[in-house]
Each structure stands twice: as C-alpha cells, then as structure tokens.
Amino acid sequence: MSVLNRGKLLLDYLTRRTVVRGRPVEFIVETTAKCNIYCPMCPRETFKQPNQDMPDEVYNAFLKQTKGTAENAMLIGLGEPLLDRKIFERITQCRRNHVSALISTNGTLLNEKAAEKLLATGVDHVTLSFDGTTRETYEFYRKGANFEKVRDNFVRLARMKHERRAHTCISVQMILMKDTRRQVEEFMSFWKAVPGVDEVRVKADETDVLQPKTHASGDWKWPCHYLWRGAMYIKHNGDVYPCCQSYALGGGPVGNLLEQPLEKIWNNDEMRRMRELHVSRRGGEIEICRKCCTTIPHPALVAGSLILHGKTVRKLIPWVERFTYLAKWPVKLLKPPQAA
C-alpha cells in the first residue's frame with residue numbers, strides 16, 4: 001500500500017492535481033508542547049506554548065488515520081520530546097505500525113538511563129541539536145543548557161549505540177547562524193570522530209525569528225512539495241497544519257484530527273486553495289508561504305523523494321543539504337530562499 005500511495009502522490013504532483021489521491025507520507029507530531037530551555041531562534045518564543053503533552057486520544061487518532069500510508073513520523077515540534085512522559089511508548093507504537101520514528105532532542109535530559117530507554121525502543125533516527133563548538137556560542141543559542149553536560153550526553157548516547165551495534169541513525173545537527181557559521185569545520189571534525197555518530201548535519205536556519213526574510217518572486221517557479229507529500233504538522237491538541245513551518249509563521253490550522261478525519265482535511269477547501277495558488281506560481285499570495293524561509297526543491301528532487309521510501313529519503317536529506325549549503329550542489333536543483 002505504501003508504494004501505491006507514493007505512486008499516486010508522485011503522479012498528482014507531476015500533473016499538478018489540486019485534489020491529491022494519495023495520503024501524506026511524512027508527519028511532524030508534537031507529542032509535547034513543553035520545553036526546558038530558551039532558544040532565541042525558536043518560534044515558541046513568539047507563540048507561547050502551554051505546559052501540556054499530547055493526549056492519547058490524539059496520538060491514537062493519528063496512528064489509526066495514517067495506517068498503511070505514513071512512512072515517517074518526526075515526534076517533535078515546539079517542545080522537547082524527552083519531557084513527554086510517554087515518549088518511549090509512543091516511539092514503540094510508531095514502529096509497531098510500521099512507521100519510522102524520529103526524535104530531535106536538546107540533550108539536557110539525555111542521561112544514561114534515558115539513553116538506555118531510547119535505544120531500547122529501536123527508534124530509527126535521533127537528531128542531536130548542538131549549535132556551536134564553544135561554550136560561549138552554544139549557551140547563547142541554547143540558554144539554560146550546559147555546554148559540557150549536553151556534549152557528554154550526546155557522546156555517551158553515540159558510544160552506547162556503537163557498542164550495542166544498534167540500527168538507530170544518530171545525526172548531530174548545527175544550525176547555520178551568525179556565530180555558528182565560522183565554526184562549521186571544527187564542528188564537523190569533532191563529531192565525525194565520535195563513534196556511533198552516523199551523520200553530521202549543518203542545516204540552514206529556516207525560522208524568521210533571527211533572520212527575517214521572505215521568498216523572492218522567482219522562487220515560485222515550481223510548487224512547494226509539502227502540499228503534496230508532507231510533512232504535515234500535528235499540534236499536541238490535534239490541530240493540523242499544512243506543513244512544519246505554517247504554525248510557526250502564524251498560520252491557522254486546516255482542521256483537527258478529533259473533529260474531522262485526516263483524509264478529508266488533506267483535500268479540504270483550504271488545502272486545495274493553497275495547491276491551486278502554488279500551481280499557478282502565485283504561492284506568494286499565501287501569507288505563510290511568502291514569509292517561509294524553507295527551500296523549495298526542484299521537481300526532480302521531489303520526484304525522487306516519492307520514488308524512494310521515506311526512511312531512505314531521511315537518510316539522504318543531510319547529504320543534499322551539505323552539498324547545497326556548502327555550495328557544492330547545482331543551485332538550480334535546490335535553491336535556498338532569496339531575501340525579498
């Protein structure tokens with residue numbers, strides 16, 4: 001069913017259908033809205049979040065409504081996943097439903113016991129967010145976190161994974177910002193040498209908190225892939241947003257899992273309207289799209305992301321980003337947004 005679903009998505013994307021017959025393959029599922037540190041580039045500082053976890057009713061609705069078509073579930077959002085008391089159980093539930101489970105953590109709670117429990121779930125992918133190679137830089141962007149403690153937590157998790165020969169992919173990620181840009185080489189050199197680290201990822205800052213910018217008119221040559229394949233963003237309360245950026249840019253939900261099935265939300269009036277504007281190269285008329293800093297990939301890359309299984313696509317993303325943001329990849333295929 002997964003292959004057939006991706007085939008429908010691919011055909012509908014290439015033919016620019018605004019009523020999509022397939023179902024999204026990727027989701028961002030915010031299992032908690034709680035966080036324990038302050039990051040100046042994080043949208044949660046603009047949109048204040050409640051001290052709440054996702055109810056079982058919402059999480060179970062997600063699993064039920066995406067059964068057979070969802071391939072990746074990133075159990076992240078505007079909260080720290082390890083603050084969700086049920087996160088390990090929820091990772092296991094994903095895997096039982098043949099959905100690849102991913103989390104991204106700030107590492108402050110990743111002690112040895114938590115690392116043991118995380119690896120025991122068989123989680124497919126863990127992103128370790130570590131912005132900077134010095135205490136000064138790191139603690140500026142991750143206020144409330146301790147540089148040495150978090151670094152040691154990440155190194156221990158990677159080594160435990162290596163010693164157990166676990167299949168979990170561990171990615172250490174740094175966001176390119178004013179102070180981290182000059183630390184890229186040192187960052188990559190350090191983390192590549194740590195046993196158990198599979199990927200060292202340098203990622204563009206896709207928020208508009210520290211670096212406000214918008215897409216230029218030329219960026220609308222092709223439609224945004226999120227509207228045809230996901231990832232759709234599911235808030236802790238069941239609200240559904242078109243993509244991972246829409247909530248953070250002040251957009252409204254297009255539905256709620258507890259009020260309407262995802263199948264109907266995926267092709268409701270608002271989703272079709274957004275696709276129609278993108279197809280006609282008028283995506284900039286949508287406020288959240290105009291303010292979005294996310295790269296719009298060439299259709300060739302979007303097609304590749306639908307030919308391959310979502311789990312494989314996730315493994316390839318850091319390589320594509322590395323070639324692009326380090327100026328080694330043809331910009332026509334994956335062009336970072338231009339300031340308007």
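Strand β3 (residues 100-105), helix α4 (residues 112-120) and strand β4 together form a β-α-β unit of right-handed sense, where right-handed means that, with the strands pointing away from the viewer, the path from the first strand over the helix to the second runs clockwise. The model is a predicted one, in which local features need pLDDT of at least 70 and side-chain atom pairs count only at pLDDT 80 or more, while totals for chains, interfaces and linings use all residues. Residues are numbered from 1 along each chain as its sequence is written, and side-chain values use heavy atoms, with hydrogens and water left out. Helices (H or I, at least four residues) and strands (E, at least two) are DSSP runs, numbered from the N terminus.

Strands β3 and β4 run parallel and are joined by four bridges, pairing being assigned if DSSP finds at least two bridges between two strands; within this pair, threonine 105 stands opposite leucine 128 of β4. Strand β4 also pairs with β5 (residues 169-176), again in the parallel sense, over five bridges, and histidine 125 has cysteine 169 of β5 as its bridge partner.

Five of the five residues of β4 (residues 125-129) are buried, that is, under 20% relative accessible area with a 1.4 Å probe and protein chains only, against over 50% for exposed and in between for partly exposed. In a regular strand the side chains alternate between the two faces of the sheet. In β4, His125, Thr127 and Ser129 point one way, whereas Val126 and Leu128 point the other way.
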